[in-house]
Amino acid sequence: MPRRELEKGIHTDLAGEMSYGDYLRLDKILDAQELVSKPPHHDEMLFIIQHQTAELWMKLMLHELAAAIGFMQRDRLDRCSKILSRVKHVQAQMFNQWAVLETLTPSEYLQFRDALGHASGFQSHQFRKLEFLLGNKGKDYLSVYSHDPVVYEELKRALESPSIYEEFLLFLHRQGFDLPTEVIDRDWSVQREGHPRVVAAFKIIYTEPQKYWDAYEMAEKLVDLEENFQLWRFRHIKTVERIIGYRMGTGGSSGVDFLRKGLEQRLFPELLDVRTEL
């Protein structure tokens, strides 16, 4: 096999310069896997990295969704399409990575589960903010973060602001669609239900897609977003079911039964209801 020689132009003396590791802060990232089981259990490393990776992907999703919301507020739906396509691919990564955690067997997990105490993925403030941005609101969830005033205020702002779907409805209102006051001027912290006049507006958009192409495309992007979110939830349920069965969650929930209730939640109700009306 021929040997690949080091090219002369490759920089080897990086003293005083920013390196790859410096740029990515790998000193912090790769030093953040601290096993708490005693003695340290081999499979805890997988568990930690799995969840840290998910948090990084969620950070990117929040970054992208915030940008999409900003463009919607400026009536620039054309700038949202690529952003939401990226989010869709991130969701695919998060869905597929459950397969890695599924290599953790029940007996392996039980070797270190008690060391977690009450720590639970339910407490992820990034996931909670993601849910709020997608419209799954609930004031009672804020109590979980009362111990951290900074996170609490960040989540409270997200709770009290329009979700990405509600920003889309506000956009449609500005474009002249007949939407009711209770949809466009409301307490954003309250979970909303579907409204027939919103369904009627989407029926117009879906009936004349060429005339309302930007809105039509955005509606389909949001349907992708909800479907992938629910598929991720389902894979989460099956992974938990496979590893711990029907045990109570470390955070105090009923476990699988609690997670299953999430599949009943609808993020963008009228986008599904309109399909029946077409």
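Predicted model: local features only at pLDDT ≥ 70, side-chain atom pairs only at ≥ 80, totals over all residues.

Modeller: Residues are numbered from 1 along each chain as its sequence is written, and side-chain values use heavy atoms, with hydrogens and water left out.

Biologist: What does the secondary structure of the protein come to?

Modeller: Helices (H or I, at least four residues) and strands (E, at least two) are DSSP runs, numbered from the N terminus. Here there are 14 helices and zero strands. The C-alpha trace spans about 60 × 55 × 40 Å along its principal axes.

Biologist: At what angle do the axes of helix 3 and helix 9 cross?

Modeller: Axes are lines fitted to C-alpha atoms, for helices over the stretch in contact, and angles run from 0 to 180 degrees between N-to-C directions. Angles under 35 degrees count as roughly parallel, over 145 as roughly antiparallel, 65 to 115 as roughly perpendicular and the rest as oblique. The axes of helix 3 (residues 44-73) and helix 9 (residues 164-174) come within 9 Å and cross at roughly 15°; the two helices are therefore roughly parallel to each other.

Biologist: Which residues of helix 3 and helix 9 meet?

Modeller: Contact means heavy atoms within 4.5 Å. From helix 3, Leu65, Ala68, Ile69, Met72 and Gln73 meet Ile164, Glu167, Phe168, Phe171 and Arg174 of helix 9. For classes, Ala, Val, Leu, Ile, Met, Phe, Trp, Tyr, Cys and Pro count as nonpolar, Asp, Glu, Lys and Arg as charged, and the others, Gly among them, as polar. The residues of this contact are seven nonpolar, one polar and two charged.

Biologist: How many cavities of 30 Å³ or more does the structure hold?

Modeller: On a 1 Å grid over the protein atoms alone, a cavity is a set of points where a 1.4 Å probe fits but cannot get out, and a pocket is an open set with protein on both sides within 12 Å along at least five of seven lines; lining residues have an atom within 4 Å of a point. Grid points are joined across faces, edges and corners, and a volume is the space filled by probe spheres set on the points. The structure holds two such cavities of 30 Å³ or more. The largest has about 60 Å³ of space, and its lining includes Met61, Phe127 and Trp232. Helix 12 (213-244) gives the most to this lining, with three residues. By class the lining has six nonpolar, two polar and no charged residues.

Biologist: How is the lining of the second largest cavity divided by class?

Modeller: That cavity has a volume of about 50 Å³, and its lining divides into four nonpolar, three polar and three charged residues. Among them are Glu166, Arg192 and Arg266.

Biologist: Which residues lie nearest the centre of the second largest pocket?

Modeller: They are Leu24, Ile29, Gln52, Thr53 and Leu56, out of 14 lining residues. The pocket has about 490 Å³ of space, and helix 3 supplies the largest share of its lining, seven residues.

Biologist: Where does a cis peptide bond lie?

Modeller: Most residues other than glycine have a negative phi, and most peptide bonds are trans. A cis bond joins lysine 38 and proline 39, with omega about -5°; proline 39 lies in the loop between helix 2 and helix 3. Arginine 25 has a positive phi, near 55°, and is found in the loop between helix 1 and helix 2.
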